[in-house]
Amino acid sequence: MAAAISHELNQPLTGIRNYARNAFYMIEKGLGGEEEVKGNLRLISEQVDRAAKIINQMRELTRRTDRTSAGVDINGVVRESVEFLLPQMRLSEVEVTLALAPDLPPVWGDRIRLAQVFLNLLTNARQAMDCAPERRLSIASRRDPLADRPVVIEVTDTGRGFSEEIARSLFQPFYTTRKGGHGLGLSISRAIVQDHGGTIEASGRPGGGASFTIRLPAELGGSGRSP
Amino acid sequence: MNGRTDGVQLIVVVDDDEVARHSIGQMLQLRGWAAEAFSSAEAALAWPGLADAACVITDVKMPGMDGEEFLAEVRARPGAPPVMMITGHGDIAMAVRCLKAGAFDFVEKPFDDDVLLAYVAKAGEQPRLVREASDLRRRLTLFSPGEDGRFGMVGRSRAM
């Protein structure tokens, strides 16, 4: 998450710094006219807007929820998480597909922590597809009306996948298959899902992509439990 | 040849981010360099003028061919210009890989313009230094004794 924020903000920051230093140089050396210096100030202002937009998206994503509210719209959390990571997905040439059920009941929970789960899953999927010839990521939500946990979300990628043996260890803290990984993302994700009364399962095969399924209980009216 | 007939050195900038491309190009032009910018490594490689560049500045993270692959492609060409890499902040492992693969140097985003420009100036000197070194090596061979202990040729001496 921190790496994603740093990468996204560094782009406008680099532009701001360059344009400011160039304008300074123009004035100092008497190069270019007033219009050119003004042009750079306008470009700086555009890059400040770009940075502000990124920060606002993050704020929306990490907005503190009112625990007495009617619950969390999981589709909204999924959409915001995808939107936040979309620039990186584009950079990695990942094709993202969303198929969200419109009749999904709200979930009682903490919006920030649920968003963290999706950011972890989506980031893992992107990294798993680094060397894949096909890079497709699909996020689907559906309602399973007869189940105890009727809110179902599936995150599927066409990445390198994993063996059954690895699947058993994936959610263990500090277990990682990625060089430089901390092995905490999935263990934290599982803890968050369990705190919400839900389950998370992984399935995949080596070279054949991976799929993560989250099942969450629906909000129980106004007297629903809080996480 | 790494140079242009008008004596102005050409710097090639490769970055998928339009703002980075434009602002670096402006920075170079203000200091008297000619800058040619490309939004992808593929486009830069396809450009015939690449061989005339005094230095190439490239971002590492780009869709399609990334900066590391681009570096390898440029380095494989005869008379390759020096390549400066722009890396994300804190990505030291990648920077080390680039240096081992023959990058001239790297700067981290957001970078200080003075630092980048100093590297570009240094890189621009490289073809001249290579030519000088080769010239000196050639002259040293001429001044060194052969296997028979005799000098093959003594140059630069006035006729007696």
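B:Glu68 counts as partly exposed, at 22% relative accessibility; partly exposed is the range between buried (under 20% relative accessible area) and exposed (over 50%), found with a 1.4 Å probe on protein chains only. This is a predicted model in which local features need pLDDT of at least 70 and side-chain atom pairs count only at pLDDT 80 or more, while totals for chains, interfaces and linings use all residues. Residues are numbered from 1 along each chain as its sequence is written, chains are lettered from A and ligands numbered from 1 in the order in which they are written, and side-chain values use heavy atoms, with hydrogens and water left out.

Now let us see the partner of B:Glu68. B:Arg97 forms a salt bridge with B:Glu68, with the closest N and O atoms 2.9 Å apart; the term means a side-chain nitrogen of Lys or Arg within 4 Å of a carboxyl oxygen of Asp or Glu. B:Arg97 lies in helix H4 (residues 92–100) of chain B and B:Glu68 in helix H3 (residues 67–75) of chain B, so the pair ties together parts 29 residues apart in sequence. Helices here are DSSP runs (H or I, at least four residues), numbered from the N terminus. Salt bridges that share partners also join A:Arg21, B:Arg31, B:Asp112, B:Asp113 and B:Asp114 into one network.

Over in chain A, A:Arg111 and A:Glu80 form a salt bridge, their closest N and O atoms being 2.7 Å apart. A:Arg111 sits in helix H4 (residues 111–128) of chain A and A:Glu80 in helix H3 (residues 74–91) of chain A, so this pair ties together parts 31 residues apart in sequence. A:Arg111 is buried, with a relative accessible area of 10%.

Notes
Helix = DSSP H or I, 4+ residues; strand = E, 2+ residues; numbered from the N terminus.
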